[in-house]
Amino acid sequence: MSIDLARHFGPGGTFERSLSGWRVRAQQLEFAQAVLAAIESAGVLIAEAGTGTGKTFAYLAPALIAGGRVIVSTGTKNLQDQLFHRDLPLVREALGVPAKIALLKGRANYVCLHHLEESSAGGTFASREEARDIHAIARFAGRTDSGDKAECLQVPEFSGAWARATSTRENCLGAKCRHYEDCFVMKARKSASDADIVVVNHHLFFADVVLREEGVTDLLPSANTIVFDEAHHLPDLARLFFGQAVSTAQVVELARDARGAQILHAKETPAIGEAALAADRAARDVRIALGTGTGRFAAAQLDANEALARALDALDARLADLAGILAAHAERADELRNAHARAVGLREALAAWRGEPGEGAVRWVETYAQSAVLNRTPLDVAPIFAQQLAAGRRAWIFTSATLSVGGDFAHYQAELGLGEAQARHWESPYDFATQALLYVPEDLPDPNSPGFTEAVIEAAFPVIEAAQGRAFLLFTSLRAMDIGHARLKEKLAGAGLDWPVFLQGTAGKNELLERFRDTPNAILLGSQSFWEGVDVKGEALSLVVIDKLPFNPPDDPVLAARIEQINRAGGNAFMQYQVPRAVIALKQGAGRLIRDETDRGVLMICDPRLISKPYGKRIWRALPPFRRTRSGDDAVAFFRPAV
């Protein structure tokens, strides 16, 4: 029996009758029909849809109607929560389909009753705030059904208490835990295993496919349809999860857990705690040996670092000591047995990283303020990902607003081995030529020259004034963001304007966005995390300023190795790889501006290469069809009331 989706999406259809404010969009119906065809044929569909197409309903409705087990994977937890709590119930109710739905996150999102109990009993906290937060989490655990930390609003998302009140794959005791029957993670997995539609996120999906641990592998064999929303994230995430990593933070966490286990289960054996503290110090010495800066470094850059080699030798020795003493006491408690297994595993991971990376992989290090991660990353994940697609008969849907370069999907298909997939593109229903203006100012200096960010603020300030604030300023680096923030504050003060300026990092992302939406004349400055997944409709956001074309830093070790690999094979890495990646990232940033058919605004891109370089035309042609100008007067005039 054929399924007529027009009776749901078309004029007078199910959604128009049941949902207030529903608008019939031809693109949405075509999208839904393509998804249904892929489901019915167990095919692979790459579906790019411009802002306002309504792609969420366009894949949820055919998935619900077609039936069978569906996994929907999102790029962010925000979209994951929105799908589960809002969109899925709306579609299900409108269609009258009695499907069971479930939300499944990674274990770090759920309170662990065992670790919460141990932390409370141990009584040692890093600060009064952490002690207060642990007690708040304990109260939350006593009244919550889900244990999802997103519902515990009293404790900040980044509180150190969460690390002590949640579990990791390494320190979970599994079925041996005395709280196993009440475990929030296990309850979430049970709900997912019974559901028709399970909403996960990409991190969880990949972690579970690779590690065969978190429960999605139990769902995958029986899934009829896999939908990846925000699918532009997948290539980089696939490289991350199909590689290997070992971090100093893992050693610090092991040392903390081993000391806690010794206090509770082997008080008369202080040598365990002493060995754990020695391992902790050795891990911190590895970070110290890498210098004070943060960033990414190829392993080859560190070959001459004798202090690092000594620190890694010492870390291995201290882990061996810790593993040895834990082995002697492992039978006394599950926590001690678990700590022993982790110490052995960390030694193995460390040894593997120090070996040769092998063909088609790169070894590199990422340093943070207090920790370092040693990574081994495959350069080409297409063959590995293609194996997942071939593992069973099911439909695979990849969707986002940014997957192609001007309608050409070759880059994305090559990244994931999707050469045989059907690729479709639907334009946004918005009237971009009327609603928005693309402004590329004249006479700006080279983006790599000193003083460029200050010049960006000088050029943007008249437009910011004309827009009465209501602006996002998006930067390609945190350093540029900080310079831009300081200069903008000076300009506002000089003009006598007391407009609120919000800066990424001064509060959580969601809090900053709420304050921006609710505050007249607000200006928000952000870097990478604000380029996508941000939805501000209406006049609150009328101007988006982007400082540079978002090319990845060429000294990034994975990118550098990938470039070398492509060029060595006779390709042109810049045009085949770097430009397409920049286009997709720029489309995300540009997509913040027009979020509704009544929105109006200016997109200001301050990089002269968009006009001066041969590849610039390829980039701006991939953007929405805004009206274009080089004149600052035109940009300012855009905000004048129509006469």
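Let me start with a definition. The radius of gyration here is taken over C-alpha atoms, and the globule rule is 2.2 Å times the number of residues to the power 0.38. Keep that in mind. What we have is a predicted model.

So, the overall picture. The chain has 643 residues, and a compact globule of that length would have a radius of gyration near 26 Å. The chain has 26 Å, which agrees. Along the principal axes, the C-alpha trace spans about 85 × 65 × 55 Å. The chain holds 27 helices and 18 strands. Buried residues make up 53% of the 643. Now contacts. Take those with a separation of 6 or more: 76% of them join residues 24 or more positions apart. The accessible surface comes to about 28,200 Å². Carbon and sulfur atoms own 51% of that surface.

Look at both faces of S9. On one side sit Ala 372, Leu 374, Arg 376 and Pro 378, all buried. On the other are Val 373, Asn 375 and Thr 377, also buried. Note that Arg 376 is on that list.

Who pairs with S9? Strand S8, residues 361–367, runs antiparallel to S9, and 7 bridges join the two. Trp 364 stands opposite Asn 375 there. S8 and S9 form a hairpin, with 4 residues between them. Strand S6, residues 244–247, also pairs with S9 in the antiparallel sense, over 4 bridges. In that pairing, Ser 247 has Val 373 as its bridge partner.

On to the aromatics. The structure holds 22 aromatic pairs. Take Phe 472 and Phe 516. Their ring centres are 5.0 Å apart and their planes are at 50°, so the pair is tilted. Where do the two sit in the chain? Phe 472 is in strand S13, residues 471–474, and Phe 516 is in helix H22, residues 509–518. That is 44 residues apart, so to speak a link between distant parts of the chain. Phe 472 has 0% relative accessibility and counts as buried. Phe 516, at 1%, counts as buried too.

There is also an aromatic cluster. Its members include Phe 205, Phe 206, Phe 228, Trp 396 and Phe 398.

Last, charges over rings. Lys 509 lies over the face of Phe 530, 5.7 Å from the ring centre. The charged end of Arg 562 sits over the ring of Tyr 577, at 5.3 Å from its centre.

Note on methods. Residues are numbered from 1 along each chain as its sequence is written. This is a predicted model: local features need pLDDT of at least 70, side-chain atom pairs count only at pLDDT 80 or more; totals for chains, interfaces and linings use all residues. Side-chain values use heavy atoms; hydrogens and water are left out. Rings of Phe, Tyr and Trp (its six-membered ring) pair if their centres lie within 6.5 Å; planes under 30 degrees apart count as stacked, over 60 as edge-to-face and the rest as tilted. Buried means under 20% relative accessible area, exposed over 50%, partly exposed in between (1.4 Å probe, protein chains only). A charge sits over a ring if NZ of Lys or CZ of Arg is within 6 Å of the ring centre and within 35 degrees of the ring normal. Contact means heavy atoms within 4.5 Å. Accessible areas come from the Shrake-Rupley method with a 1.4 Å probe; for residues, only the protein chains shown count as cover. Two strands pair if DSSP finds at least two bridges between them.
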